[in-house]
Amino acid sequence: MERYVCIHGHFYQPPRENPWLEAIELQDSAYPYHDWNERITAECYAPNSASRILDDRGRIQKIINNYSQISFNFGPTLLSWFETAQPDLLESIVEADAQSRKNFGGHGSAIAQCYNHVIMPLANRRDKQTQVLWGLADFEKRFGRKPEGMWLPETAVDTETLEILAENGIKFTILSPYQAMRVRGDDDPAWRDVVGGRIDPTQPYRCVLPSGKEIAVFFYDGPISRSIAFEGVLSNGIGYAQRLTGAFADGRKRPQLMHVATDGESYGHHHHFGEMALTYALNHIQTHKLAKLTNYGQFLELFPPRQVVEVLENTAWSCSHGVGRWQTDCGCNSGGRPGWNQKWRKPLRDALDWLRDTMAPLFEYKGRQLLKDPWIARDEYITVVLDRSPENVEAFLAQHSKGDLSPADKSLVLRLLEIQRNAMLMYTSCGWFFDELSGIETVQVMQYASRAIQLGEEIFDMPLEAGFLERLSRAKSNVAENQDGAVIYAKYVKSARVDLSKVAAHFAVSSLFEDYPARLRLHAFTLDLEESHEYENGKARLVLGRTRVTSNITLESALISYGVLHLGDHNLHARVAPDGDPALFKAFCDDTSKIFASGDFQDVAAAFRRFFTGDEYTLKSLFRDRQRQILNKVLESTLDEVADTYRQLFNRQVPLMRFLAGFEMPLPRVFHVTAEFTVNFNLQEAVENEDMDPSLIRKIFHEANVWGLNLDMAGISFAMKATMERVAGRLEENPTDCELIAKLDSLVTLARDLKLDINYWKIQNTYYYAREGAGSGMTARSQTGDQAAREWIAHFRSLGEKLMITVE
């Protein structure tokens, strides 16, 4: 009897980009990371690309790419983020798929996913088709091959979705055992009821569709998958392996597949070191020959289905009420919020459905004036989403347009297709998954709706927002001050909106604090500076200029004049206007600069109001990341003054504080506040310096402990980690540099002594690959009597022991 094991990880994050900027803005809730993608990458996605096998002393013996040994899918929008933010990680994932083809008889372990995690049974036929086509195109671009399988978001399934998968060449999908309705043998007309998770998960099944097409379905082992996600199985790698292999039945005389499926985030994010438990379990299974590792494509080729299955329509793995979690107050929620309800789910979906169905015929009517078939163009627009180079955009437009397009027509076509892209992104499932209407995931889908509305109102010349908000207002928040969907939209969605004028205003304000090149790429926009004039009067500054702003997404473009008056600190006023007569602007600059030189700043502001139409912009108008950076710069001088004052007070107080500590007397409150601020400030500053003095930092820590100060351990640890990773980065480029090894050894020793909470993952990787690469050469040199090599080896061994890596 042959035994096989396959572990599937569904790795996914909802798209988090600001729909206007096409970039993720700062998310404070992910502190100390910039955003949740970055945080979960550090905790899960990256560690699984270089997971550890430890020896009996807890030292790293081997580093393994987990993705090469399991079945997996990544959300396309997450891979898109990897492409720019984590290119090395994306490369390691693609390499793992290539390695898996060698491991598993030519079958890659990566499978595709519907594009942006839409709940497929709740989508219309047209959206289902596009979701599948976009998911396939994204997969082929990333992995260089066609996928054999496709993951359905939340495993939500209906027959129409399976038909679309089969039509597009997908061989299999993965479902929960609770989604099977009945089964029968190939040659047996009698159906057997398996509702309630009673299907045998150790074999694949054929699902025969109304069209006559077929698709294979693997139903994962429910109890074991649940134990991985929720019951602590990942606390022990051997226990995990035993849980998997213990489910084989000796009575079965056919090949058995023991397979599980969970969110990939279980391996590191939800369960700390879960990726190592996975690695160890797989290693244990292989070394003890308990089963053969496989993936779904290989097993399907070796052992085609001998049973036929019918699935339960409109069901999913994370809702016991079908697909209620994404449309009703079904009772499924994240928990921990007694008294809250999710009645907001239905009116939210109703509002989005109304918006989609209102704009669809308008898109089709307008699109047919320029395109051969607007809906085919939408299906193939993914080629532009994946490659927005001018050459590729031109090729797409040439393929789908009825004739030669003017620049304005090209922009119109792209804006029409962006309406459709955002009208799909607004159905991302996480918008309904959690408990509250004002949660960041739900606000995100509202932002996509708002972007579609903005474009729709521009193109179709009709009001859309009012009708949308009237319906959205029926969705009631659980948070009293947020009231309903319309209020949330006004608070959190409208403020995120961007147009060409706001981009120009952001550029103008930012130019006070940073020198920009004549051509600047700013998120989804390009700015070409026409002219800029700067004037100073004491602390006050005046900037006047003109710049062309172009959207890299829709090719919309406008020449915009701007003026900024900065009176110091946060006192800043900016205005912009579509550029008119250059002569008028020159006259305005001449007049306003003279007024500014006279020191009559109120008259400068008045001149701004006369010349520039529209809104006034302040620091609050900046994009979130730049806003935080500039505020830090504005605060820098003030904070330096405060820090100097506190330092002086602290330095005067230190002798008395040390004296009081000898009597074990609590510090007076004013001493405590001064000391806590100064010590944290000094420590943060010190650990950011590669040439820090370890003895001084140890002394500061000791005294902080004696005085009972609360140290910002998270911030200090994060800064120390960044410093060590900078040194490790240089070591990666120069692995034989003994000075760098010694420096890193000293920093790691200090961090361990101070019990800083540091993830050494990147540093350990650098060390491990240096051991595998430069280590043998340095060993050979040392054996010939090379003193420098011997010194390198001594430091290298010392560092390896501290990083808990075998150095033999």
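Is Lys755 buried or exposed? With a relative accessible area of 70%, Lys755 is exposed, where buried stands for under 20% relative accessible area, exposed for over 50%, and partly exposed for what lies in between (1.4 Å probe, protein chains only).

## Basis of the model

This is a predicted model, in which local features need pLDDT of at least 70 and side-chain atom pairs count only at pLDDT 80 or more, while totals for chains, interfaces and linings use all residues. Residues are numbered from 1 along each chain as its sequence is written, and side-chain values use heavy atoms, with hydrogens and water left out.

## Backbone features in loops

Lys755 is placed in the loop between helix H26 (738-753) and helix H27 (761-783), where helices (H or I, at least four residues) and strands (E, at least two) are DSSP runs numbered from the N terminus. The phi angle of Lys755 is near 55 degrees, a positive value in a residue other than glycine. Asp461 also has a phi near 55 degrees, again positive in a residue other than glycine, and Asp461 belongs to the loop between helix H16 (440-460) and helix H17 (465-472). Asp461 counts as exposed because its relative accessible area is 70%.

A cis peptide bond runs from Tyr31 to Pro32, with omega near 10 degrees; Pro32 itself lies in the loop between strand E1 (3-11) and H1. Another loop residue, Lys494, sits between helix H18 (485-493) and helix H19 (500-510), and Lys494 counts as partly exposed because its relative accessibility is 36%. Lys494 and Glu531 are 37 residues apart along the chain, and their C-alpha atoms are separated by 31 Å.

## Salt bridges

The structure holds 51 salt bridges, each defined as a side-chain nitrogen of Lys or Arg within 4 Å of a carboxyl oxygen of Asp or Glu. One of them joins the side chains of Glu43 and Arg39, at 3.1 Å from N to O. Both Glu43 and Arg39 lie in helix H1 (residues 36-49), where they are 4 residues apart, about one turn of the helix. Glu43 is partly exposed, with a relative accessible area of 22%, and Arg39 is likewise partly exposed, with a relative accessible area of 23%.

In helix H10 (residues 345-368), Glu364 and Arg368 are also 4 residues apart, about one turn of the helix, and their side chains meet in a salt bridge of 3.3 Å from N to O. Glu364 counts as partly exposed at 25% relative accessibility, as does Arg368 at 34%.

## Cavities

Within the structure there are 3 cavities of 30 Å³ or more. A cavity is a set of points, on a 1 Å grid over the protein atoms alone, where a 1.4 Å probe fits but cannot get out, and its lining residues have an atom within 4 Å of a point. The largest cavity has a volume of about 60 Å³, a volume being the space filled by probe spheres set on the points, which are joined across faces, edges and corners.

The residues that line the largest cavity are Phe72, Asn73, Phe74, Pro76, Leu79, Ile111, Ala112, Gln113, Gly135, Asp138, Phe139 and Phe143. Two or more lining residues come from each of strand E4 (71-74), helix H2 (76-85), strand E5 (112-113) and helix H4 (125-143), and H4 gives the most, with 4 residues. By class, the lining of the largest cavity has 8 nonpolar, 3 polar and 1 charged residues, with Ala, Val, Leu, Ile, Met, Phe, Trp, Tyr, Cys and Pro taken as nonpolar, Asp, Glu, Lys and Arg as charged, and the others, Gly among them, as polar.

## A nonpolar surface patch

On the surface, Leu631, Leu635 and Leu639 form a nonpolar patch, with about 230 Å² of accessible area together. Patches are made of residues with over 30% relative accessible area and no salt bridge, like charges being joined within 9 Å and nonpolar side chains (Val, Leu, Ile, Met, Phe, Trp, Tyr) within 5 Å. Accessible areas come from the Shrake-Rupley method with a 1.4 Å probe, and for residues only the protein chains shown count as cover. Leu631 lies in helix H22 (residues 624-662) and counts as partly exposed at 30% relative accessibility.

How values were computed:
On a 1 Å grid over the protein atoms alone, a cavity is a set of points where a 1.4 Å probe fits but cannot get out, and a pocket is an open set with protein on both sides within 12 Å along at least five of seven lines; lining residues have an atom within 4 Å of a point.
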